[in-house]
Amino acid sequence: MLQFFSVNYADYISTIEPLSCTNFPTWNNQVHAILKELDLDYALNEEKPHAPSPIYEYYAERMKEYIPKLEKWEKSDNDAKMIIRCSLSVNMMRRFLSNENNTEGLSAKELHNSIKAHFRKVFLFDNLLNSRYDGISGLGNHVKSLFDMA
């Protein structure tokens with residue numbers, strides 16, 4: 001009799017520090033490490049396979065190659081989305097999984113990129129707000145550094 005082993009994702013998710021406003025780099029590294037360890041980073045690293053067109057030669061052979069690739073991508077995508085969603089803090093869940101953000105139809109890669117883009121904006125805004133002129137290097141250099149950040 002064949003025995004199927006399932007992975008207990010809860011054990012892996014419990015090792016991820018929930019994403020909050022201040023720990024994106026740590027969260028990002030932990031999520032990527034776990035997805036890589038579970039071989040679920042396929043959907044983050046590869047585009048969704050496209051079905052071959054029936055007008056081309058060897059359509060049947062191409063479909064035989066396409067179906068396993070699509071199944072692997074879909075499993076990786078669904079499991080990766082679940083791990084990403086479960087690793088968010090309550091506040092981040094409200095922000096990224098609310099109906100206004102319409103993240104339901106996003107792939108794991110798109111969801112991750114949406115989170116990453118948000119934190120880039122937060123980091124940039126924080127740097128611009130907290131940047132101070134040191135009084136030594138010249139005001140022109142300070143203004144140039146602000147433009148370089150933006």
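**Ground rules**

I am working on a predicted model, where local features need pLDDT of at least 70, side-chain atom pairs count only at pLDDT 80 or more, and totals for chains, interfaces and linings use all residues. I number residues from 1 along each chain as its sequence is written, and side-chain values use heavy atoms, with hydrogens and water left out.

**Entry 1: the overall fold**

I began with the secondary structure, taking helices (H or I, at least four residues) and strands (E, at least two) as DSSP runs, numbered from the N terminus. The chain has 7 helices and 0 strands. Read from the N terminus, the order is α-α-α-α-α-α-α.

Next I looked up burial, where buried means under 20% relative accessible area, exposed over 50%, and partly exposed in between (1.4 Å probe, protein chains only). Of the chain's 150 residues, 30% count as buried.

I also checked contacts, meaning heavy atoms within 4.5 Å. Among those between residues at least 6 apart in sequence, 61% join residues at least 24 apart.

**Entry 2: helix α2**

Which residues of α2 are buried? I found F24, W27, N28, V31, I34 and L35. Viewed down the axis of α2, these buried residues fall within an arc of 140 degrees (taken over the directions from the helix axis to the C-beta atoms), so they line one face of the helix. The face turned away from that buried side carries the exposed residues P25, N29, K36 and E37.

After α2 comes D39, and its phi is positive, near 60 degrees.

**Entry 3: aromatic pairs**

I searched for aromatic pairs next. Rings of Phe, Tyr and Trp (its six-membered ring) pair if their centres lie within 6.5 Å; planes under 30 degrees apart count as stacked, over 60 as edge-to-face and the rest as tilted. The whole structure gives 2 such pairs.

One is F24 with W27, a tilted pair at 5.9 Å centre to centre and 35 degrees between the planes. Both residues lie in helix α2, 3 residues apart, about one turn of the helix. F24 is buried at 13% relative accessibility, and W27 is buried at 0%.

F24 also pairs with F119, this time stacked, at 5.1 Å centre to centre and 15 degrees between the planes. This pair links distant parts of the chain, with F24 in helix α2 and F119 in helix α6, 95 residues apart. F119 counts as buried, at 8% relative accessibility. I therefore logged F24, W27 and F119 as one aromatic cluster, given the pairing rule of centres within 6.5 Å.

**Entry 4: salt bridges**

Side chains of opposite charge can pair when their charged atoms come close. My cut-off for a salt bridge is a side-chain nitrogen of Lys or Arg within 4 Å of a carboxyl oxygen of Asp or Glu. How many turn up in the whole structure? The search finds 3.

K109 bridges to E47, with the closest N and O atoms 2.9 Å apart. The pair links distant parts of the chain: K109 is in helix α6 (residues 108–130), while E47 is in the loop between α3 (42–45) and α4 (59–86), 62 residues away. K109 is partly exposed at 24% relative accessibility, and E47 is exposed at 59%.

D79 and K75 meet in a salt bridge at 2.5 Å, N to O. They sit 4 residues apart in helix α4, separated by about one helical turn. D79 counts as buried at 14%, whereas K75 is partly exposed at 48%.

K81 and D77 form a salt bridge at 3.6 Å, N to O. Both lie in α4, 4 residues apart, about one turn of the helix. Are these two residues buried or exposed? K81 and D77 are both buried.

An α-helix has 3.6 residues a turn, so residues three or four places apart point the same way.

I noted that the charged end of K72 sits over the ring of Y42, 4.5 Å from its centre. The test there is NZ of Lys or CZ of Arg within 6 Å of the ring centre and within 35 degrees of the ring normal.

Finally, I looked at V90, which lies in helix α5 (residues 90–96). V90 is exposed at 53% relative accessibility. Its C-alpha atom is separated by 8.7 Å from that of P18, 72 residues apart along the chain.
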